[in-house]
Amino acid sequence: MPISDATAQSIVAAVSSRVVEVRERIAAAVARGGHGQQVTLVAVTKTHGPEAVSAAFQAGVADVGENRVQEAESKMSLVADPVRWHLIGHLQRNKAKAALRFALVHGLDSERLAQALNAAAVDANVTIPVLVQVNVSGEGSKSGVGRSGLQALAGQLHLCPGLSVMGAMTMAPFDAAESVLREVFAGARAARELLQGSGHAAPWLSMGMSGDYEVAVEEGATHVRLGTILFGGR
Ligand SMILES: *Cc1c(COP(=O)(O)O)cnc(C)c1O
């Protein structure tokens, strides 16, 4: 059901003030961390309606993240604002074609998915920007390539002309101690270095969510993916 204009305006006001605070905190974290990077704020709108996407855009955030293809596509059809859609969740190989609708695919986590995405891109005569999702902590529940698989995947990606390897992405364990977060984020930074050493441009590092983004930025994040802190609980 469409929401009223008054409700939409109060969402915009709330999101705008949170965006201002988050940007200040990001700037302070960049200064503390000393990596000097530019940070893109990706507003994660999963489970929220299309009005959340519009509110983010009106608050000056043009990058929006969704973790499920179907939910993202339904919002794409409802939102007129020219946002960049990021696919931040796991992508099934049989939905590889859907990746063409996203500005960046954060969850490339296997050689088979790379092949499927490459085929879709080559078919459409485009390149798909991707981040390699790495599982630094080795947690079984988290998807992502482990340390051992990364070198092989980096090599295989040179055989994928349809993919543009933009860097690495990771998720830290939920509610971990700061020392663990730092280890995980530094591990993702090392993964990006490995990609660069293998010859990929890989300038980006997508890491940090509502609970840990300041530490992630201190450790060099170029993209933070924030849902709860901008839009409230899900
Ligand atoms: C949901 C989600 C986020 C945002 O999480 P918050 O804690 O709400 O900020 C970030 N990244 C991924 C991959 C997600 O699925």
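A crossing of two helices is left-handed if the near helix is turned anticlockwise from the far one by less than a right angle, and right-handed if clockwise. The model examined here is predicted; local features need pLDDT of at least 70, side-chain atom pairs count only at pLDDT 80 or more, and totals for chains, interfaces and linings use all residues. Residues are numbered from 1 along each chain as its sequence is written, and side-chain values use heavy atoms, without hydrogens and water.

Helix α4 spans residues 111–124 and helix α5 residues 147–157. Their axes (lines fitted to C-alpha atoms over the stretch in contact, with angles from 0 to 180 degrees between N-to-C directions) lie 10 Å apart, at an angle of about 15°. α4 is therefore roughly parallel to α5 (an angle under 35 degrees). The crossing of this pair is right-handed. Contact (heavy atoms within 4.5 Å) involves E111, A114 and Q115 of α4 and A152, L153, Q156 and L157 of α5.

Helix α1 (residues 5–33) and helix α2 (residues 50–58) cross at roughly 50°, and their axes come within 9 Å. The crossing of α1 and α2 is right-handed. On α1, the contact uses Q9, I11, V12 and V15; on α2, E51, A55, A56 and Q58.

K46 places a side-chain N or O atom 2.7 Å from a ligand oxygen atom. For T228, the corresponding distance is 2.6 Å. A polar side-chain atom of R234 is 2.8 Å from an oxygen atom of the ligand.

How values were computed:
Helices (H or I, at least four residues) and strands (E, at least two) are DSSP runs, numbered from the N terminus. Angles under 35 degrees count as roughly parallel, over 145 as roughly antiparallel, 65 to 115 as roughly perpendicular and the rest as oblique. A polar contact is a pair of N or O atoms within 3.5 Å; within protein, one must be able to donate a hydrogen and the other to accept it, and residues adjacent in sequence count only if both atoms are side-chain atoms.
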